[in-house]
Amino acid sequence: MTERIYLSSQVLTGDIEVIDCMPRDDGRYAVWLKSTMFHPQGGGQPSDIGWINEVEVVHVSVEDGEIVHLTIEPVAPGSVFARVDGARRQLHSRLHSAGHLIGHVVELAMWHPIKAHHWPGEGRIVFKPGMDAQSVSAEHIQMICENYITKDLPCRVTLRDDGFREVSFGHFTPYLCGGTHVTSLGQLGGIRVQEVQIKKGNLIVHYDVV
């Protein structure tokens, strides 16, 4: 099984080993690596893209439990140099961390997050009501989030003995998460809470980063 470097490190470049490369029917190539810093699509986050040597990696996914890197040209097995697109990774990390922050803030009003989507232009968190769920507005969520961003709470990552990974910011209760994040909330730059909806009893918060 591929070692997932991105779970414990934010490194975006390095020497890695190609185990195998196979052509796909769509003209792309599936590449398997011994270890990878490329985050695959999943957990509400899009995949990283980048390069293996000079060959472009256009998508990364998990298939049958293995991470598959799709490239536009074949890559020979052996030692290679890999680079993740840093600008895209940073955007995805900001969106994912912003989603966590919104989750923490809305939980203070007794709503519990059940689903998240951290894609550019499509960010949203879905919450189910707790017993004492309170009314919240986009303006209120925005104000509280901005306060925590100003405090620049640090990101804390814990790899548990059972194999699960927890991510938290400052004093907040950690979430189980396999995504990428900023090192502290100050790196978010800013978020925009666009809309708050109630649908079928659930609360939906739409957001983006700015």
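Modeller: One term first: buried means under 20% relative accessible area, exposed means over 50%, and partly exposed is in between, with a 1.4 Å probe and protein chains only.

Colleague: Fine. What kind of model is this?

Modeller: It is a predicted model, where local features need pLDDT of at least 70, side-chain atom pairs count only at pLDDT 80 or more, and totals for chains, interfaces and linings use all residues. Residues are numbered from 1 along each chain as its sequence is written, and side-chain values use heavy atoms, with hydrogens and water left out.

Colleague: How many helices and strands are there in the protein chain?

Modeller: The protein chain has two helices and 15 strands. Both are DSSP runs numbered from the N terminus: helices are H or I with at least four residues, strands are E with at least two.

Colleague: And how much of the chain is buried?

Modeller: Of its 210 residues, 46% count as buried.

Colleague: Now α1. How many residues does it have, and how far does it reach?

Modeller: Helix α1 covers residues 86-107, which is 22 residues, and reaches 31 Å from its first C-alpha to its last. That is close to the 32 Å expected at 1.5 Å a residue; the expected span is 1.5 Å times one less than the number of residues.

Colleague: Is α1 mostly covered or mostly uncovered?

Modeller: Mostly covered, as 16 of the 22 residues of α1 are buried.

Colleague: What caps the N-terminal end?

Modeller: Asp85 does, with a side-chain oxygen 3.2 Å from the backbone nitrogen of Ala87.

Colleague: Which residues does Ser47 touch?

Modeller: Leaving out residues up to four places away in sequence, Ser47 touches His39, Pro40, Gln41, His59, Val60, Arg88 and His92. Contact means heavy atoms within 4.5 Å.

Colleague: What does the side chain of Ser47 make with His59?

Modeller: A polar contact with the side chain of His59, at 3.4 Å. The Ser47 side chain also reaches the backbone nitrogen of Val60 at 3.2 Å. A polar contact is a pair of N or O atoms within 3.5 Å; within protein, one must be able to donate a hydrogen and the other to accept it, and residues adjacent in sequence count only if both atoms are side-chain atoms.

Colleague: Where is Lys200?

Modeller: Lys200 is in the loop between β14 (191-199) and β15 (202-209). Its phi is near 55°, a positive value in a residue other than glycine. Most residues other than glycine have a negative phi.

Colleague: Is Lys200 buried or exposed?

Modeller: Lys200 is exposed, with a relative accessible area of 82%.

Colleague: What about Met110, where is its place?

Modeller: Met110 lies in the loop between α1 and β9 (111-117). Phi of Met110 is near 70°, again positive in a residue other than glycine. Met110 counts as partly exposed because its relative accessible area is 32%.
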